[in-house]
Amino acid sequence: MITNQNSEEIKFEIYLTSEYYEKPPHAQIFLNESLKFSNEITDNKKLITFTEKLNFDNKYSLRIIRSNTDEKNYNINGKIVNQCLYIDKIVIDNINCEWLLYENSYAITDFPESYIKYQEETGQTYSKKAYNRTLIFNTEWHFNFTSPFYIFIMKCMGGGIY
Amino acid sequence: MKKYSREDLTDKLYPIEDPFLTGLPNTWYTQTQKFSDTDLFTRAADYWFKSSKLNTLRNWDQFGCVDVIMGCTHYIESIILKYGWDGFQILPQEYGYYGLMGKTGTPYKDLKPNTPLIVSLPNFSYADVRPEWDELLLICEERNIDIHIDFAWLTVANGVDIDVGHPNIKSFAMSLSKYCCQWNRIGLRWSRQRSMDSVTIMTRYYGDVNSGLISCGNFLIHRIPRDYAWTYYGKMYSQICEDLDLIPTKLINVVKIKGQDKPMGIGQLLSSMHHANQA
């Protein structure tokens, strides 16, 4: 209504928590190809914030690349996990996106050979791409959305005037 | 002409309530009315609010997202709902709505960083823009405080000149309520960019809801001249101020007594003068 805008300034707030025994998980955060954060996560409820100009009608992907773990960091058979990164909360434009994440986010997990072997030996299934916010292994996590963000939310709810 | 004295001033700041304004509900309820959709009303009301010859809002065109609100209190509640009761701040001497629910004002020099501020302009207590306005803008800029302006009183103001182009001013709202239209609270919110909140849900998600409210809003703006209060009562206001040695303000229903800082209501006196003149 009476708008001639074609972009918006949107604030992103990403809350991460890590658990680890020796070395912490590392996280890189991208918005599309733009790197916004890169560091080890050593805190509980670590908050990463940034503000970005989004162009209307464009597609965006918020990506968290979790790394810094390897075969030594977990013991599958004994079910001991020595390093984990949790995506606690994603807040975009002051909206807690909890309810949006299930339908619009996914994690691509780089399962280690020992894990795959164990799953196969025990007859269990696993999915490389799935909804997941407890990142035990090296993982690339995606949340896809469009701008304007409020219209994206309305579309997810199945209504609204665009 | 009716005689008057300072005894006719009131502590409460009553709006103008003359037969024309108080007669509008009767007209609305007793005559056949036309339906108005949200889009039509929004455009008409946008034009109506902007057509004031008495006040100047510079850089209004930076606020291209326009939404219908159910009065300025709805605008306020939408902000509060988004940021939480402890997630926004106000200044001292604000709209009584906040105080009724226990919210107290923060002196402008003590405002918390990164926490949105809702401020009413003109402020009823000063009957003008707050004197610290320019300094307040600097503080908000330094502390990353978003400003949302409740312009409820602007509808009955005269001589207010304000630049809303400051980047920290994110939205503002106006309503018809001060024209004795509390019975059909309606107005507009202008935002730099639209975000998901109560007002957006009402107007953009639910869409054509409140058609009775909106149709009546359209009825009102086509009957009430934008600068009605000052056009019809301005001379009377000035005459009373001169006769009673009062200080005029920028609000039609507020005067000040020389040597006193307290605002006094002149709305009832003006309304009664109109009644007397009509008799």
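Let's start with a detail: B:Leu246 has B:Ile257, in E9(B), as its bridge partner. Before going on, this is a predicted model, so to speak about local features I need pLDDT of at least 70, and side-chain atom pairs count only at pLDDT 80 or more, while totals for chains, interfaces and linings use all residues. Residues are numbered from 1 along each chain as its sequence is written, and chains are lettered from A and ligands numbered from 1 in the order in which they are written.

Back to that pair of strands. E8(B) and strand E9 (residues 254-257) of chain B run antiparallel and are joined by three bridges. When I say strand or helix, I mean DSSP runs numbered from the N terminus: helices are H or I with at least four residues, strands are E with at least two. Two strands pair if DSSP finds at least two bridges between them.

The sheet they belong to is open, has three strands in the order E8-E9-E10 (chain B), and pairs antiparallel. Strand E8 (246-248) and strand E10 (263-265) of chain B are at the edges with a single partner strand each, so each has one side without a neighbour in the sheet. From one strand to the next, the twist averages 45°. Helix H8 (residues 228-243) of chain B packs on this sheet, touching E8 and E9 of chain B, and its direction makes about 150° with that of E8(B). For the angles, axes are lines fitted to C-alpha atoms, for helices over the stretch in contact, and values run from 0 to 180 degrees between N-to-C directions. Contact means C-beta atoms, placed from the backbone, within 7 Å.

Now, how is chain B divided? There is domain 1 (6-24 + 227-278) and domain 2 (34-221), with bounds from an automatic or database domain assignment. Their centres, taken over C-alpha atoms, are 24 Å apart. At the boundary, 18 residues of domain 1 of chain B touch 18 residues of domain 2 of chain B. On the domain 1 side, helix H1 (19-30) and H8 of chain B each supply at least two residues. That side has twelve nonpolar, three polar and three charged residues. Here Ala, Val, Leu, Ile, Met, Phe, Trp, Tyr, Cys and Pro count as nonpolar, Asp, Glu, Lys and Arg as charged, and the others, Gly among them, as polar.

Buried or exposed, then, is B:Asn59? B:Asn59 counts as exposed because it has 12 C-beta neighbours inside 10 Å; the cut-offs are 20 or more for buried, 12 or fewer for exposed, and partly exposed in between. Beyond its neighbours within four places in sequence, B:Asn59 is in contact with B:Asp163, B:Val164 and B:Gly165.

Over to the other chain. Chain A has three helices and 13 strands, and 25% of its 162 residues are buried. Where the chains meet, chain A gives 17 residues and chain B gives 18 residues. On the chain A side, H3(A) makes the largest share, three residues.

Last, confidence: chain B averages a pLDDT of 94, and 97% of the residues score at least 70; pLDDT is the predictor's confidence in each residue, from 0 to 100. The complex gets an ipTM of 0.81 and a pTM of 0.90 from the predictor.

Methods:
Two residues are in contact if their C-beta atoms, placed from the backbone, lie within 7 Å.
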